[in-house]
Amino acid sequence: MKLLIIEDERELSDSIVAYLGAENYLCEQAFTYADAMMKVNVYDYDCVLLDLMLPGGDGFDILRNLRRRRNPVGVIIVSAKGSLDDKVKGLAIGADDYLPKPFYLAELSMRIYAVIRRREFMANNVLESGGVRVNLMEKSVTVSGEAVSLTKSEYELLLFLIGNKGCVVSKSAMAEHLSGEMADMLDNLNFVYTHIKNLKAKLAAAGCCDCIKTVYGMGYKWTAD
């Protein structure tokens, strides 16, 4: 899962990145209004942590921009502006949650999980498709009761494909999902093919065959019922 942390306090931002990175989130940072606006307009994220007071602009305008473009990304406002008016205003514009500073990182992590689960997986803790069962809390995968050991990248691709079931997902979208803005600097996307090949092999070995279809020249698609 890919997150954007919009926070001008670098020490706090780095602490959030270190904590969430240890929980296998891919984290990107923006420290100014201009940088944050550029990233939300160019890249896709599963959740955005949004501070309201930023150098060069207002966090509310970033939120307005996201919702005006009908971007479905989950947004959690994380701000020292803890007044009721700010909370109501943020939720009215389209934020999913509001967490005033200071906060515990463990609580932030659970709120992120809740927003992603609600927006992408219809509030389920467990996903089931084509005989594959994914426990989101445990980050575990089984096929017909048999555990399947996946790498972090394979697990993220599996969730990405299931979350876009029936749709063709391009290699470039997968690369960005796994590598964030670094994907723009890669010479090729061969690593995506390698991860997909390994994921397909592991699922097939557990009895789940042909769930991931290759759409030549376009990408991959999860086709399980």
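What does the accessible surface of the protein come to, and what percentage of it belongs to carbon and sulfur atoms?

A: The model is a predicted one. The accessible surface comes to about 11,000 Å², and 52% of that belongs to carbon and sulfur atoms. Of the 225 residues, 46% count as buried.

The chain forms eight helices and 14 strands. Its radius of gyration is 18 Å, close to the 17 Å that the globule rule gives for 225 residues, so the protein is as compact as a globular protein of that length. Along the principal axes, the C-alpha atoms fill a box of roughly 55 × 35 × 30 Å. Among contacts between residues at least 6 apart in sequence, 59% join residues at least 24 apart.

Now the interior. In soluble globular proteins, nonpolar side chains tend to be buried together. Here the largest nonpolar core has 49 residues, and the members that touch the most others are Leu 49, Ile 112, Val 134, Leu 158 and Trp 222. Helix α6, residues 152-163, gives the most to this core, with seven residues. Apart from this core lies another, of 23 residues, which includes Tyr 43, Tyr 45, Leu 63 and Leu 66.

With neighbours within four places in sequence left aside, Trp 222 is in contact with Leu 158, Leu 161 and Ile 162, among others. Its contacts also include Ser 129, Val 132, Lys 165 and Gly 166, as well as Leu 203, Cys 211 and Ile 212.

Ser 13 is found in helix α1, residues 10-22. Ser 13 counts as buried because its relative accessibility is 0%, and the cut-off for buried is under 20%. Not counting residues up to four places away in sequence, Ser 13 touches Ile 5, Glu 7, Gln 29 and Phe 31.

Asn 24, in the loop between α1 and β2, is partly exposed, with a relative accessible area of 33%. Its phi is near 70°, a positive value in a residue other than glycine. Asp 210, in the loop between α8 and β13, is exposed, with a relative accessible area of 57%. Asp 210 also has a positive phi, about 65°, although it is not a glycine.

One further backbone feature belongs to a loop. The peptide bond from Lys 101 to Pro 102 is cis, with omega near -5°, and Pro 102 is found in the loop between β7 and α5.

Definitions and conventions: Residues are numbered from 1 along each chain as its sequence is written. This is a predicted model: local features need pLDDT of at least 70, side-chain atom pairs count only at pLDDT 80 or more; totals for chains, interfaces and linings use all residues. Side-chain values use heavy atoms; hydrogens and water are left out. A nonpolar core is a set of buried Ala, Val, Leu, Ile, Met, Phe, Trp, Tyr and Cys residues joined through side-chain atoms within 4.5 Å. Buried means under 20% relative accessible area, exposed over 50%, partly exposed in between (1.4 Å probe, protein chains only). Helices (H or I, at least four residues) and strands (E, at least two) are DSSP runs, numbered from the N terminus. Contact means heavy atoms within 4.5 Å. The radius of gyration is taken over C-alpha atoms; the globule rule is 2.2 Å times the number of residues to the power 0.38. Accessible areas come from the Shrake-Rupley method with a 1.4 Å probe; for residues, only the protein chains shown count as cover.
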